[in-house]
Amino acid sequence: MHQNYTDLTGMSHIVFDGTTQDISNSNFSYVTFHNSGTKTLSGTLDILNNLYISNSVTLDANNQYIYIEGNWQENGTGTFQQTGGRVTFDGTSANQTVTCSVSSYFYGFTIDKTGANKTVTANTDIDVNGTFDFAEDDASFDLNGRNLYVERDFYFRENCTFTHNNGKVFFDGISNAQLIRNYDVNEIVFDNAEFVGTAVKRLYDGSFRFEGDVFINNSTLEGQYWDHYVEGDWINTGVFRHDRTIHFDGGNQAISQSNFRSVRFGGGANTKTLGGDIFLNGNLYIDDATLDVSAANHTITLDDYFYNDSTGSFIAHEGTVVVTGEYNRVFTGETNTLYGAGQVVTQGGIKSFYNLEINATESNFWMFIHGNLTVLNDFTIVKGRFYQSYDPNNYGINDIEVGGCFINNGSMHNNNYGETFTLNPTAGSHTFKPGSSNFYGPFIFDGAAGTDYTFESNFSTYSNRTITINDGTLNLNTYDITTNNSGGDIDLNGGTFNANEGSILAMGSGATFTNAGGIFKIVGVDGNPASFIAASGNFNYQQTSGTSHFKYYRIENTNGNGMELSGGSLDATNSFQNGSFSEGTGTAYITLSGIDLGGDRTIGSVTLNSGPTYNVQRTSGNGVLTFENATGTLSGESYDNDDADPGTKIIWTYPGAARWTGFAGTTDWHTANNWSPIAVPTSASIVILDHSTVAGAYSVVISNSDADAKNVTINADATNISLSLNTKELTIAENITISANGTLTQTNATDTLKIGGSWANEGTFNENTAVVLFNPSSGTHTINTQGAGDSFYDFVIKGTGGTNVISSTLDINGDVKIEGGIINAGSQQITAAKDWSRTGGATFDAGTSTVTLDGTNQTINGGEFYNFITDNSGTKTLTANIDINNDITINAGTILDGGVNTIYVGDDWTNHVGNAGFTQSGMGTVIFDGTTSGQDIGAAATSPTTFNNVTICGTQTKYTRTDITINGNLIISSAGLYIVDGTTIDGAGVRC
């Protein structure tokens, strides 16, 4: 009820035709505001029929309320203005219309029409400075192709109708936040909508559909918690915030820069074109439409899933998709294979990315793909764990193709179901960074001719997985390739494989590298060779066509015919000079039968250690191989296989060598007459003790003074030759070789051997309690023994710039002192019976070796290890921190005393003794920091351990397999600690 002072009802018609007039509370039937001037309301009007505002009249409603049951008509320059209050259209007998002049504005605009005729139709643009409200069940508004301006809230309620007829709504608030509310269970439908003004606009309580364009014009629009639908263009020069999904489901649409929660592109075979970068906190869906990042190459950044597994297409141009966040997936929809269930066929559409970047929030967050993945340019894993085939039963076995760089700074998990990874650029130079702690399945380098890949980390494959090189150039760039465990063939069908200085090509056991038409290079530099070895067991190299290059190299663990060239060519410049062979099996290290060398070759400075039957085979082919000053226990004419003995295909020469003659009738090294030429050897001498001039057994003794040589070879053949030190030093600038039946003896504890190059022993070495000191100044040199039992006593590395590579089992009965240079342990077994120390700037490169401390009481003065074992008896005491990259094992009868030091453990902790087997005090801490596999703290069959302090970090989960006690603190800084059922953690000072 409205309290009125005037009540003119029925068919009465009142005309206000003065100039300045005031109208108080009234009921009117028809009312006209006429003549000129301003008519001012001071109370509520209830109009039962029509309202007219004539030309040149202003109706100022102030903050009053008007109820009208008929039409609203403004003529000419007639104007309505309202600073508060509301106009309510509440006619029950007929639909109503609103006609306004361009300067008019409502404050509140409400439709509340009971009965059947609920519609209000706009015949002109309407400007509402306050709230536009639909009464529940009783409102229908037809915008009729006009513009509606709303400055405050908009309430669309249940069972109402809004018909735009191509009209546009402007939400233009500048002060209070605008609530644009859809209370209906169905979406409200707009055509074009523009959000302008400084006030925040919020789409509340239900879904909105925009059949035309959405323009966020330097304003802020919040989509809140409901899905919204857009069929036209999305133009955003302001801010958009949302917690659900925007559906772009119209025809061809343009979408400008925005932040979304999630977006969905559908609406049939139409194209959605980005006009700027988009950022998503949620998912991106491409249903049956095409998403085009445009020729401007816009970036898509999303924090959740990427779905393109329907019939839609993604046109990447040269844009980038960045996947961030925690646990995400990329559904590509490209054909893949379910594990054991055949192919899954895509529904079509373009699925390729141009650049794809994975950048998880934390290193241990992961994502995986469903469907084969094609990246036309760069694929980068900045952070996080990427799974190629996470769940093959549900998401398939997924192949990956990359046309540009592959850079992995996170972790790549190829789950070894046979999924392939292919690099196939069409032009240019590219970076290949697979990540050193990651394993891959079958890998294919298939770039066009002229492309190249430069490695920026080591590369490893799973057991028995192949690498295929069809074209392009692979530059290892000082990094390594490892095909692990058994198998793992590499096929070079074209292009170039370049293992340069410092790089290692490590083949799986029984694997074959086949050169069937490419250029193969194992070429280092003086002082830093390239290496071709086996990661385990032995391998084969076979060239059927193409070209091979070898210079400044280290080759170990060959099988069969070794470096076998049965077709193609051997490079004229890089023809096996300056290299070493060791630990081979089978027939030979080098086989060149049938190869036309195009002329004779001289091959200098090759070391050939025992292993296969022959050093070199060449029974046919043009050109002579001349080996000059070769060393090693398998060097020389006695071990080659050519056309005769001596033959004409392989020749061994030692120009300027000092050979023992014994003509003086003594055993004295320092008697000139015992040598040919007649002179005591110097540091430039290549010393050969053989039977070329002395047929029977003989001895050479260094006892009068210290001795020098460049190389020393004891080539005894079937009759013994011995070289003894007696209270003196022997300094060898390069290599020492002790062949079968040769003997080298250190008689006294003061008899020091100083070796500047390689050590090779196939005979007898009597070390007594003396020192062997390796002191290379440059280069890489091998230490090759006969294994367990062929021992050193004190073993000292004191190089000033070189590297010693352990190429066999190393048995040390005394101390290990690493005081300078680098020692590379590879994958060997090393046992030490006394103290172990690494001091100064010396480096112990642990590789994948195992160090066993098998004495009684021993000290360990720091350093880095791979596998670390205490054995035999006694206490092994740390005097500095140690870093164990893999497993630590405490065997029965031993105690590991960590003192106040820190022990870093990269994988499993195994204690066969129990709580008495490990002790630590003070700030002493064990840090489990594994990053490549789950870590076991104890094993189910072993004994408990009492720790002092424990820190859990790295990226891999740690598992307690036995009970543990922690006397100090437990700190979990990253990764996870999983307490396996049946085990306990006990401790008074435990904290997290």
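A pocket, as the word is used here, is an open set of grid points with protein on both sides within 12 Å along at least five of seven lines. The model is a predicted one, and its second largest pocket holds about 650 Å³ of space. That pocket is lined by 32 residues, and those closest to its centre are Asn-578, Ser-605, Glu-734, Asn-735 and His-781.

Reading across it, the order is 2-5-8-11-14-16-19-22, and the pairing is parallel. Strand 2 (13-16) and strand 22 (161-163) sit at the edges; each has a single partner strand, so one side of each has no neighbour in the sheet. On average, neighbouring strands of this sheet are turned by 15 degrees against each other, direction ignored. In general, it is backbone hydrogen bonds that pair the strands of a sheet, whether parallel or antiparallel.

Take Thr-320 to begin with, which belongs to strand 45 (residues 320-325). Its relative accessibility is 18%, and because the cut-off for buried is under 20%, Thr-320 counts as buried. Leaving aside residues up to four places away in sequence, Thr-320 touches His-298, Thr-299, Ile-300 and Asn-355. With Asn-355 there is also a polar contact, made side chain to side chain at 3.2 Å.

Then there is Phe-765, found in strand 92 (residues 764-766). With a relative accessible area of 7%, Phe-765 is buried too. What does Phe-765 touch, not counting residues up to four places away in sequence? The list is Leu-744, Gln-746, Leu-753, Trp-759, Val-772, Asp-790, Ser-791 and Phe-792. For one of these, Leu-744, the separation along the chain is 21 residues, yet its C-alpha lies 4.9 Å from the C-alpha of Phe-765.

Technical notes:
Residues numbered from 1 in each chain as written. Predicted model: local features only at pLDDT ≥ 70, side-chain atom pairs only at ≥ 80, totals over all residues. Heavy atoms only, no water. Helix = DSSP H or I, 4+ residues; strand = E, 2+ residues; numbered from the N terminus. Buried < 20%, exposed > 50% of the residue type's maximum accessible area, 1.4 Å probe, protein only. Contact = heavy atoms within 4.5 Å. Polar contact = N/O pair within 3.5 Å; in protein donor to acceptor, adjacent residues only side chain to side chain. Pairing = 2+ DSSP bridges. Axes fitted to C-alpha atoms, helices over the stretch in contact; angles between N-to-C directions. 1 Å grid on protein atoms, 1.4 Å probe; cavity = no way out; pocket = protein on both sides within 12 Å on 5 of 7 lines; lining within 4 Å. Points joined across faces, edges and corners; volume = space filled by probe spheres on them.
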